[in-house]
Amino acid sequence: MPNRKLIKTSKFQKIAVEVAKKIAIGDYPVGSSIKSRSTLSATFGVSHETIRKAMNILADLHIVTLKQGSGATILSKERAIEFLDDFESTNDIETQKNNILEQIKEQERHLKKLSGLVSIYLEQTKLVNKKYPLDPYGLRLSADSEFIGMQLLDAQIWHKTGATIVAIERNNELLLSPSPYQTFQKNDTIYFIGEEPSYARMANIFNLS
């Protein structure tokens, strides 16, 4: 049995399919001859060159045999049916491939849209954080800090950094809204709020930068 050939649709390939269909249903019986390209050209309304290419496909698949001056002789109905099955399978594969590619494009469109939404969200988050800087930062007081033993009032944190201390963690306890008279102690973790530059200023005055 000859190797099956899967083809893509073009004008001469469509003609090959149509001739194969006629062979498969018995319009062109095995052993009969198609004497002239002109006959097929007139039947399908295409050029002689298109008919030549179409018949060469069928000859390559041993569905017909070609002889100079004698036209085409039908060799096999079974191979014509195989060719039609292969052609249909190829079209199914092409359709599936196109569907998959379209789904991929659709996913890419959704991902692009999602990426845009994420970018908008991040930008809005930055704006909100800038306008409403309420997420506290945390800094741990070093053992040799000059602020140890100093009251918050005397440290003048807000004047120096623009940050507001909202809590102090000490010995696993959280002191919320510490009073101005609260003193800094060794290993305190200081929580404060403020705009983003406040963190750098706090780290600088506490020698943590």
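1. Let's start with a hairpin: strand 2 and strand 3 form one, with three residues between them, and G69 in the turn has a positive phi of about 85°. Strands here (E, at least two residues) and helices (H or I, at least four) are DSSP runs, numbered from the N terminus. Before going on, please note that this is a predicted model, in which local features need pLDDT of at least 70 and side-chain atom pairs count only at pLDDT 80 or more, while totals for chains, interfaces and linings use all residues. Residues are numbered from 1 along each chain as its sequence is written, and side-chain values use heavy atoms, with hydrogens and water left out.

2. How is the hairpin held together in terms of bridges? Strand 2 (residues 64-67) and strand 3 run antiparallel and are joined by four bridges; two strands count as paired if DSSP finds at least two bridges between them. Look for T65, whose bridge partner in strand 3 is T73. Strand 3 is also joined to strand 1 (residues 33-34), by two bridges and again antiparallel. There, I34 stands opposite A72 of strand 3.

3. Now step back to the whole chain. It has seven helices and seven strands, and along the sequence they follow the pattern α-β-α-α-β-β-α-β-α-α-β-β-β-α. Of its 209 residues, 29% count as buried, where buried means under 20% relative accessible area, exposed means over 50%, and partly exposed is in between (1.4 Å probe, protein chains only). Among contacts between residues at least 6 apart in sequence, 64% join residues at least 24 apart; a contact means heavy atoms within 4.5 Å. The chain exposes about 13900 Å², of which carbon and sulfur atoms supply 52%; these areas come from the Shrake-Rupley method with a 1.4 Å probe, and for residues only the protein chains shown count as cover.

4. Which residues touch the most other members of the largest nonpolar core? Of its 26 residues, they are I23, Y28, M55, L58, I63, V64 and F83. Helix 1 (11-24), helix 3 (48-60), strand 3 (71-74) and helix 4 each supply at least two residues of this core, and helix 1 gives the most, with seven. A nonpolar core is a set of buried Ala, Val, Leu, Ile, Met, Phe, Trp, Tyr and Cys residues joined through side-chain atoms within 4.5 Å. Take Y28 as an example: leaving out residues up to four places away in sequence, Y28 touches V19, K22, I23, I34, L40 and I74. A second, separate core has 15 residues, including L139, I157, I168 and F184.

5. Is I15 buried or exposed? I15, which lies in helix 1, is buried, because its relative accessible area is 8%. Apart from neighbours within four places in sequence, I15 is in contact with F44, V46, T50, I51 and A54. I15 and V46 are 31 residues apart along the chain, with their C-alpha atoms separated by 8.9 Å.

6. Two backbone angles deserve a second look. Most residues other than glycine have a negative phi. H62 is not a glycine, yet has a positive phi of about 60°; H62 sits in the loop between helix 3 and strand 2 and is partly exposed, at 38% relative accessible area. N171, also not a glycine, has a positive phi of about 50°. N171 is in the loop between strand 5 (164-170) and strand 6 (173-176) and is exposed, at 71%.

7. L111, L114, L117, V118 and I120 make a nonpolar patch of about 460 Å². Patches are made of residues with over 30% relative accessible area and no salt bridge, joining like charges within 9 Å and nonpolar side chains (Val, Leu, Ile, Met, Phe, Trp, Tyr) within 5 Å; a salt bridge is a side-chain nitrogen of Lys or Arg within 4 Å of a carboxyl oxygen of Asp or Glu. L111 lies in helix 4 (residues 77-131) and counts as exposed because its relative accessibility is 55%.
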